[in-house]
Amino acid sequence: MLTDRGAAMRSWKLKDPRYQQAENGKLEPVDLVASAEGKGLWPLTTVFPDSDFKLPEDARFTLKKKERDSVTYAWKSDKVEVTKKFTLDKDRSIIWLNLKLRNLTEMPLDHRLEVRLFNHEAPGQGKPSFTNPYPRIPMVLCHVNGQTHMRSATAVKGEGSGCTAGGCGMGQGIVNETGEAHWIGAGDRYFLTAVVPTDEPVQRRCELNVLGDSMVKASLMYPQKKLSPGAEQKWNFTIFVGPKNLAALDAIKGPPAVEDVKLHESLEFGWFAVICRPMLWLMGWFHGVVGNWGLSIILLTLVVKLLTFYWTHKS
């Protein structure tokens, strides 16, 4: 699941049999980490640009501690020590990330944290077909200053329209905005990996950009600060990794000052958002009663028919 290169996420395969895709003629679990031929770049990479020290993007971390539900990696230079602890939530699609930077010198050090997510589009992956009219288009996202931005590699380059198989919420061009950045994400219309800071809010910069022709990057950049000799700086994050289940997305909270980080806006409902949420809730309620999604859809259809019977009969 994790790699010592950058202490980042190398793979995240969904074990639920509902989430499978055809590969080489057989069904395989969906892997939410999309990289170029399995060689990286890896999500949850952390770097420190504009700092008095350098942490290489592919720095080799050392495994310091491994427990049943957590793992801790560390990297050290002559100036700093960086520690990343990942803790798995046993009941939800969540990882808790605790990041710590320690100054090993006798001088103050300037530092600026950047957290990165990546998403790669394989050749032909984003093209609709007769058998796959709604393909999984890799994209990156961020929520900043009350607005959710979505970009695919094509959208960053300004090619095509804002409406794709991923929905009509796709903007165009590079995103580079500073303010109340509540989360960044990488995923597609069905799945999402999101990084949600849980520390007290600060002005952060969100950047969505493209690397090469098919790799997109989401960055969450913190303001530059000074770290006193021997001192430590800590950051805490909630990492959501899983299918875009509305209830699961709504359950992700930020710090007390900003509890609702609006992670549900990663779902593209378009103009029908007002009716989509209650319909999804009702279908979920039906599923809880009958235990079958097919029957749940039929029951939901009957309810909609009954509610619109007067107008359809009159017309």
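Cys-142 and Cys-206 are bonded to each other as a disulfide, with 2.0 Å between their sulfur atoms. The model is predicted, and the disulfide count comes to one.

**The disulfide**

- The S-S torsion of Cys-142 and Cys-206 is about -100°, so this is a left-handed disulfide.
- Cys-142 belongs to strand β12 (residues 139-144) and Cys-206 to strand β17 (residues 204-211), so the bond ties together parts that are 64 residues apart in sequence.
- Buried or exposed, where does Cys-142 fall? Cys-142 has 0% relative accessibility, and buried means under 20%, so Cys-142 counts as buried.

- Which side chain does the Glu-114 side chain pair with in a polar contact? That would be Arg-116, at 3.0 Å.
- Leaving aside residues up to four places away in sequence, Glu-114 touches Thr-45, Thr-46, Val-47 and Pro-49, along with Lys-217, Ser-219, Leu-220 and Met-221.

Conventions
Residues numbered from 1 in each chain as written. Predicted model: local features only at pLDDT ≥ 70, side-chain atom pairs only at ≥ 80, totals over all residues. Heavy atoms only, no water. Polar contact = N/O pair within 3.5 Å; in protein donor to acceptor, adjacent residues only side chain to side chain. Contact = heavy atoms within 4.5 Å. Disulfide = S-S within 2.5 Å. Helix = DSSP H or I, 4+ residues; strand = E, 2+ residues; numbered from the N terminus. Buried < 20%, exposed > 50% of the residue type's maximum accessible area, 1.4 Å probe, protein only.
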